Amino acid sequence: MYNIDRIKNEIRQLCENGQVVHVSVRQTHPRVVVEDAPARIAGVYKNIFQVEDCTEKGRPKLYSFQYSEVLIGHVVIKELNYTPAVLKKK
């Protein structure tokens, strides 16, 4: 079973590898909608992680998310191989 510590460790590994990941985000406040966009994990901290949008020209956008947002499915990182229970097909 996934928990926040496991998600945090996997995100930290993605950050250390520097690989491009694919992120989907749906938030209403602040309004952020991103579908399967290439991004890099820019930083991993105690309560949040930062994602740098690789599609932006010039100065890339930097988004901050909490690990719990991955756990509940508001933020989906394709390379984590984690599907929250609310998104699993029955």
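Tutor: Two strands are said to pair if DSSP finds at least two bridges between them. Strands themselves are DSSP runs of E with at least two residues, helices are runs of H or I with at least four, and both are numbered from the N terminus. The model is predicted, so local features need pLDDT of at least 70 and side-chain atom pairs count only at pLDDT 80 or more, whereas totals for chains, interfaces and linings use all residues. Residues are numbered from 1 along each chain as its sequence is written, and side-chain values use heavy atoms, with hydrogens and water left out.

Student: What makes β1 and β2 a pair?

Tutor: The requirement is at least two bridges, and β1 and β2 are joined by 6, running antiparallel. One of these links Val21 to its partner Ala39 in β2.

Student: How many bridges join β2 to β3?

Tutor: There are 5, again in an antiparallel arrangement. Ala39 has Asp53 of β3 as its bridge partner, and Ile41 is bridged to Val51.

Student: Which elements does the protein contain, and in what order?

Tutor: It has 2 helices and 5 strands, and from the N terminus on they run α-β-β-β-β-α-β.

Student: Why are β4 and β5 placed at the edges of the sheet?

Tutor: The 5 strands form an open sheet in the order β4-β3-β2-β1-β5, with antiparallel pairing. β4 (62-66) and β5 (75-77) each have a single partner strand, so one side of each has no neighbour in the sheet. From one strand to the next, the twist averages 40°.

Student: What packs on the sheet?

Tutor: Helix α1 (residues 4-17) does, touching β1, β2, β3 and β5. Contact here means heavy atoms within 4.5 Å. The direction of α1 makes about 80° with that of β2; axes are lines fitted to C-alpha atoms, for helices over the stretch in contact, and angles run from 0 to 180 degrees between N-to-C directions.

Student: Why is Val51 called buried?

Tutor: Buried means under 20% relative accessible area, exposed means over 50%, and partly exposed lies in between (1.4 Å probe, protein chains only). Val51 has 2% relative accessibility, so it counts as buried. This residue of strand β3 touches, beyond four places in sequence, a set of residues including Val23, Ala39, Ile41, Leu62 and Phe65. The C-alpha atoms of Val51 and Ile41 are separated by 4.6 Å, although the two residues are 10 apart along the chain.

Student: Which class of accessibility applies to Val23, and which to Glu69?

Tutor: Val23, in strand β1, is at 4% and therefore counts as buried. Glu69, in helix α2 (residues 67-72), is at 14% and so also counts as buried. Leaving aside neighbours within four places in sequence, Glu69 is in contact with Gln27, His74 and Val75. Over the 90 residues of the protein, 36% count as buried.

Student: Which residues line the largest cavity, and of what classes are they?

Tutor: The lining consists of Val23, Val25, Val34, Ala37, Pro38, Ala39, Val51, Asp53 and Tyr63. Ala, Val, Leu, Ile, Met, Phe, Trp, Tyr, Cys and Pro count as nonpolar, Asp, Glu, Lys and Arg as charged, and the others, Gly among them, as polar. The lining thus has 8 nonpolar, no polar and 1 charged residues. β1 (21-27), β2 (32-44) and β3 (48-53) each supply at least two of the lining residues, and β2 gives the most, with 4.

Methods:
1 Å grid on protein atoms, 1.4 Å probe; cavity = no way out; pocket = protein on both sides within 12 Å on 5 of 7 lines; lining within 4 Å.
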